[in-house]
Structure formats: C-alpha cells, structure tokens
Amino acid sequence: MNAAQYLQQRRGAWSELEQLCAQMEKSPRRLRASQIVRFSRLYRSVCADLALADAHHLPPSTVGYLHQLVARAHNLLYRSRFFRFRMWLREMLLHVPKRLFRDPYLRVAAAVFYGLFLLSYLVGWTDPSAAQTILGQQMITTMETMYDQPPRGSLFEASTMAGFYIQHNTGIGFQCFAAGLVFGIGGLLIVGVNAVVLGLVFGYMNTTEVAGNFNEFVTAHAPLELTAIVVSAAAGMRLGFAMLITGGKTRAASLRQAGSEALPVMMLAVVLFFLAALVEGYVSRADIPYEAKAAVAIVSALLLAFYLVVIGAPAPQAQNPLSHHPTWEQILHRSDSH
Amino acid sequence: MSLDTKVRVLTPENIAFEYEIAGPFQRLVAYAIDLGIRALSLFIFFCLYSLLLSAFNRTLGSALGLAPLFVAWFVLEWFYGGVFETFWNGQTPGKWVMGLRVVTVQGQPITGLQAVLRNVLRAVDGLPSVMMAVPTFLLGLVVSACNGRFQRLGDLATGTMVIRETRQMVQEVQPVWAPGLEEVMEHLHPIPPLEAAMARVIAAYVQRREQFHPQRRWEIAHPLAQALLRRWHREWEVDPDLLLLALYQRHFFGTPGTQAAETASSAAAPSWPVSPAGV
C-alpha cells in the first residue's frame with residue numbers, strides 16, 4: 001500500500017479524533033461514555049500509525065501532523081491530578097512535623113536567626129548609639145513616634161493591617177524560600193539581615209520610654225511570626241543544599257525530591273504567617289489587658305511545640321505488635337479509609 | 001544533540017512522539033500577558049469591592065477594611081500560576097494564548113505540587129531585581145540557556161518543562177505533475193525503491209519546491225540527483241528537479257500524476273508549509 005492510499009484509509013479516523021479532542025478541550029464533562037471509549041480506541045490507533053509511519057512510507061509533513069495529534073490526545077487522556085485535600089491534610093499534619101523534627105536545616109536557620117537576634121539585641125540594649133548608627137536616625141524616629149501611644153486601632157485599621165501583613169510578610173517568606181535555591185544560603189542571608197534589624201530594634205526600644213507600648217505590641221504575634229520566617233528559610237535551604245549534597249543521585253533528581261519535601265514545609269510557613277497576621281492585626285493592637293496578649297503568645301507557642309515535638313517525634317518502636325498504642329499516622333490513616 | 005529544540009516523549013502505549021520546547025522569549029510574552037491579567041483583575045476587584053460596599057453595606061466595609069484587597073493581591077501574586085496550571089492542565093491564560101503548556105520532563109501532566117512550586121520559585125529566577133522590586137529574569141535566562149530543555153530553576157526543581165502546542169491540519173500527500181514527468185518515470189524502472197530516510201528528504205524538497213525560483217531548485221536538486229545517479233551507476237541527462245519529482249511520485253503514489261491533479265493542488269495550496277504562526 002502506498003502513502004496516498006494509506007492516508008485515504010486513515011484520514012477519517014484522524015479527523016474523528018481531532019473532533020473528539022476539540023470537544024474534550026471545550027467541555028470534558030459533556031462527553032458520553034461511548035465517546036470516551038471511542039476516543040481511547042482512536043488514540044491507540046493513531047499511536048500505531050505514528051509507530052508504523054516509516055513502514056507505510058508516510059512523508060514528513062504527515063508524520064509531523066501525527067506527532068502533534070498524538071501529543072494533543074495524550075495531554076487530554078493523561079490529565080493533571082487535581083488538588084487532593086485529604087492528601088495535603090495528612091502531609092501537613094503528619095509528615096511535615098516529622099520532617100521538621102529531625103531537620104538539620106531548621107536547626108541551622110533557627111540558630112542563625114535567634115543567635116543574631118540575641119547578639120544584636122544585646123548590642124542595641126547596651127549601646128543605643130550603636131543601634132542609632134546602624135539603623136539610621138530616620139528609622140529610630142519613626143519607631144519612636146509609632147509607639148508613643150499604646151497600640152490601639154479601629155476595626156477598620158485592624159482588618160486592613162491584617163491583610164497587609166498577610167500580603168507583605170508571607171511575600172517575604174516566599175522570597176526567603178525561593179532565595180534558598182542560591183546555594184542554600186540566599187534565604188539564610190535574608191533571615192540574618194532581618195534578625196539583626198529586629199534584634200537592634202528590640203534592644204534599642206527597650207532602653208526608651210516607649211518600651212512598654214512596644215513590648216505590648218510585639219508580644220502576641222512574635223512566636224508565630226518568628227517561627228514562620230525561620231521555617232521558610234529552612235525549607236529554602238533544603239532546596240539549595242539538595243543541589244550540593246545529592247546523596248548519590250543526580251543533581252536534578254536530588255533537587256526534584258527536595259522540592260516535593262520542601263513545598264509542604266513552606267505551606268506550613270504560609271499558614272503560620274496567616275495566623276501571625278491575624279493575631280498582629282486583631283490581638284496585638286486590641287484594647288485588652290497585656291496579660292491577655294501574653295496568654296495568646298503562650299498558647300500559640302505551646303501549640304507550635306505540640307506540633308513540632310509531640311507529633312514530630314519519631315514513634316517508639318512497638319514491643320508487642322498486638323497491643324501497641326496507635327500512632328498519629330495510624331489514626332489519620334484510619335480516618336482516611338472511611 | 002540536534003539543533004531543533006524538540007524532546008522525545010515515550011507514552012504509556014510505548015510510542016515516541018515529539019514535543020517542541022518553548023523558548024524563553026515566547027514564555028516571556030506569556031508571562032507578560034499573565035501579569036497584565038493579574039493587574040487588571042486586581043483593579044476590577046478593587047472597583048467592585050469599593051462599589052458594593054459603598055452602595056450596600058458600610059458597616060461590613062468598615063469592619064473588613066482593605067483586607068480583602070491585600071489578600072487578593074497576595075493570592076494573585078503567589079498562587080495565580082499554580083492554581084491555573086493545576087486546574088487547566090498546565091496552562092495559564094497567557095500560556096493558552098501563546099499555545100504553551102507545562103508538562104513533566106517525561107511528558108506527563110503536572111501535579112498541583114509541581115504547579116505551585118514552579119511558580120513560587122519564579123521569585124529566584126527573576127533575580128537580580130532592580131530596586132528589590134522589578135525582576136530582570138537574568139538568572140532564569142542563564143539557567144535555561146544552560147540546559148537542553150530551557151528549564152529555569154523552578155522547572156529544574158519540579159522536573160517540568162514548557163512545550164509549544166501546535167495545531168496542524170492533516171497534510172495531504174499531493175500528487176505532482178510537471179511536463180515530461182511521465183517520460184522520466186518510465187526510465188525509473190531499473191532503479192531500486194528509495195530508503196525511508198531518502199524518501200523523507202525528497203518529500204521535504206518536493207513539498208517546498210514551489211516556494212523556490214527554478215534556479216534555486218536546480219541548485220538544491222542538482223547535487224542530490226548527481227549523488228543518486230552515481231550510486232545507481234547511471235549516466236543520464238535528466239533535469240534534476242524532474243528526477244526528484246519522479247522519485248517522489250513513484251514512492252508515494254506508484255503511478256504518474258495527471259495534469260489535473262497538479263493544477264488542482266497548486267490552486268488549493270499555493271504555499272508550503274502550512275505551519276502555525278511563529279515558526
């Protein structure tokens with residue numbers, strides 16, 4: 001059979017598949033079962049045409065057409081898997097804390113952040129003029145005027161500021177995460193700079209008369225926000241160091257695996273940034289006693305500790321397989337199977 | 001490695017087909033379109049939000065403040081691409097306009113995780129930024145120039161690539177006719193059938209020859225015809241263009257074409273290739 005005859009014979013099937021493709025691209029749910037069966041049968045037959053193109057002496061233009069037809073149908077047949085809520089819930093509540101509990105990057109990021117924070121706090125506290133030099137007089141003046149009144153605000157202000165913190169702080173977190181790809185330390189640099197600035201401000205403000213107002217404002221959201229920035233840097237470091245420490249895999253494969261581990265960790269940081277923004281907007285500037293704000297800080301710190309330590313700690317090996325206590329993993333899997 | 005930016009994909013049906021990789025500048029246009037859509041939708045959201053609240057519910061407005069706008073800004077900034085690429089099978093509106101799609105390096109559709117991660121990591125591909133705000137995408141450009149699939153860092157970390165989707169009409173195999181073709185075809189009898197690779201080359205020539213000036217046709221066809229005649233050990237004074245036409249006609253049709261076929265085909269399809277814009 002020559003090419004012209006072959007084309008004559010197959011053209012009907014090809015244009016039928018094209019029509020089905022167009023229909024599927026427009027409204028995939030409107031297709032009848034028989035059409036879907038027909039689609040997969042036609043797709044397989046066009047695959048066979050492409051495989052046998054040389055045997056049937058098809059010219060390059062037809063082969064090019066078949067390549068794009070197979071690619072088009074292939075993309076319709078093998079769709080992207082949609083977002084699965086349950087899978088993400090299990091990932092966030094179970095695998096992420098376990099990963100973070102034994103995460104060397106989280107320890108490094110926390111050490112860098114809190115180490116630099118404490119050091120610069122001491123600098124700012126013992127030598128306010130040094131803080132003035134480093135931060136600049138303009139920033140000092142802004143901070144002092146900002147806190148010369150107790151932190152209060154209308155509901156309109158609280159909501160607007162909460163929204164602003166969501167947009168601004170989570171954006172910084174994402175940048176910290178992405179910058180981790182720069183040899184693992186890009187995010188650490190951002191975190192380090194933030195730690196120094198924050199430490200100096202905290203230290204300096206505590207030497208001024210407005211220390212009370214300042215501390216009243218920063219207490220409630222501090223545990224959530226500071227943890228969030230450290231976690232995002234740690235997630236970014238995981239990406240960057242995966243390119244340097246490959247564990248025997250290719251750099252690309254190592255990076256890919258780290259990517260699927262690091263994104264859920266970053267999503268935890270996003271959740272923490274959101275919570276911190278809500279607390280910063282609605283609690284930190286609310287007209288309530290300082291004790292209530294401190295209580296919010298303590299409760300959120302305890303919740304974080306529960307998440308990272310109680311869920312995150314590796315389960316002890318069960319001695320008797322018949323009578324072991326269910327682990328978090330088993331509880332979640334069980335609820336999953338219903 | 002070939003100069004063409006194509007990748008081979010092996011389907012579960014064990015068939016290899018080819019994708020054309022999208023270049024950085026097609027992707028930049030798609031990104032610019034998406035950027036415009038993001039800015040526009042934020043603006044529309046802003047107008048609708050202020051209108052609705054001022055017209056209907058001032059109390060709700062003073063309670064919510066500008067928070068919905070900031071949250072919309074945040075979501076559009078960081079999750080626009082990820083959400084679209086998850087639910088639109090690897091496409092954003094900008095990519096759809098440009099005919100681009102994100103797939104994994106194996107040619108499979110991407111997952112939600114890959115879609116979100118590759119979009120979040122655009123922040124580092126955009127480095128260095130001008131004034132810490134406007135990305136220049138130099139890092140992404142350098143990285144994608146360093147690998148065969150034009151992957152930026154976000155693509156490398158997720159194992160994805162951006163491909164061009166082309167839409168083609170089925171190519172007719174046109175019979176050809178030229179004065180004197182029948183005579184040449186009669187003299188082809190002792191010549192063995194063409195191999196597949198040679199047939200492809202000759203088909204490529206025949207399908208494009210109408211775009212060329214006769215002198216250019218001669219320039220292209222002459223060396224090939226000479227080489228073929230040497231291989232067949234034949235001395236033959238023949239127009240090289242006509243020889244290639246005859247070989248094409250015999251290989252794909254077996255019989256000489258007619259004058260009617262020639263006039264019909266040249267009237268219907270005056271130029272080759274029928275290719276999408278931008279090639």
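User: By class, how many nonpolar, polar and charged residues does the lining of the largest pocket have?

Analyst: The model is predicted. In its largest pocket, the lining has 27 nonpolar, 11 polar and 9 charged residues. The pocket holds about 1200 Å³ of space.

User: Which residues lie nearest the centre of the largest pocket?

Analyst: Of the 47 lining residues, B:Arg122, B:Ala123, B:Gly126, B:Pro135 and B:Phe137 lie nearest the centre.

User: What is the backbone phi of B:Phe137, and where does the residue lie?

Analyst: B:Phe137 has a positive phi of about 65°, although it is not a glycine. The residue lies in the loop between strand E5 (134-135) and H7 of chain B. B:Phe137 has a relative accessible area of 18%, so it is buried, the cut-off being under 20%.

B:Asn89, which is not a glycine either, has a positive phi of about 55°. B:Asn89 is found in the loop between H3 and helix H4 (93-98) of chain B, and its relative accessibility of 5% makes it buried.

User: How is a pair of aromatic rings described?

Analyst: Such a pair is described by the distance of the centres and the angle of the planes. A search of the whole structure finds 22 aromatic pairs over all chains. In one of them, the rings of A:Phe117 and A:Tyr121 have centres 6.4 Å apart and planes at 35°, so the pair is tilted. A:Phe117 and A:Tyr121 both belong to helix H5 (residues 104-126) of chain A, where they are 4 residues apart, about one turn of the helix. A:Phe117 is buried, at 11% relative accessible area, whereas A:Tyr121 is partly exposed, at 22%.

B:Phe45 and B:Tyr49 form a stacked pair, 6.2 Å centre to centre with 15° between the planes. Helix H1 (residues 24-55) of chain B carries both B:Phe45 and B:Tyr49, 4 residues apart, about one turn of the helix. B:Phe45 counts as partly exposed at 34% relative accessibility, and B:Tyr49 counts as buried at 14%.

User: Which residues do ring pairs link into a cluster?

Analyst: The cluster consists of A:Phe113, A:Tyr114, A:Phe117, A:Tyr121, A:Tyr147, A:Phe202, A:Phe214 and A:Phe217, linked by ring pairs.

User: Which residues have the most contacts inside the largest nonpolar core?

Analyst: They are A:Phe174, A:Phe177 and A:Met267, in a core of 79 residues. Helix H12 (residues 251-283) of chain A provides the largest share of this core, 16 residues.

User: With which residues is A:Phe174 in contact, leaving aside its neighbours within four places in sequence?

Analyst: With those neighbours left aside, A:Phe174 is in contact with A:Met266, A:Met267 and A:Val270 in chain A, and with B:Phe74, B:Trp78, B:Phe79 and B:Val120 in chain B.

Methods. Residues are numbered from 1 along each chain as its sequence is written. Chains are lettered from A and ligands numbered from 1 in the order in which they are written. This is a predicted model: local features need pLDDT of at least 70, side-chain atom pairs count only at pLDDT 80 or more; totals for chains, interfaces and linings use all residues. Side-chain values use heavy atoms; hydrogens and water are left out. Rings of Phe, Tyr and Trp (its six-membered ring) pair if their centres lie within 6.5 Å; planes under 30 degrees apart count as stacked, over 60 as edge-to-face and the rest as tilted. Helices (H or I, at least four residues) and strands (E, at least two) are DSSP runs, numbered from the N terminus. Buried means under 20% relative accessible area, exposed over 50%, partly exposed in between (1.4 Å probe, protein chains only). On a 1 Å grid over the protein atoms alone, a cavity is a set of points where a 1.4 Å probe fits but cannot get out, and a pocket is an open set with protein on both sides within 12 Å along at least five of seven lines; lining residues have an atom within 4 Å of a point. Grid points are joined across faces, edges and corners, and a volume is the space filled by probe spheres set on the points. Ala, Val, Leu, Ile, Met, Phe, Trp, Tyr, Cys and Pro count as nonpolar, Asp, Glu, Lys and Arg as charged, and the others, Gly among them, as polar. A nonpolar core is a set of buried Ala, Val, Leu, Ile, Met, Phe, Trp, Tyr and Cys residues joined through side-chain atoms within 4.5 Å. Contact means heavy atoms within 4.5 Å.
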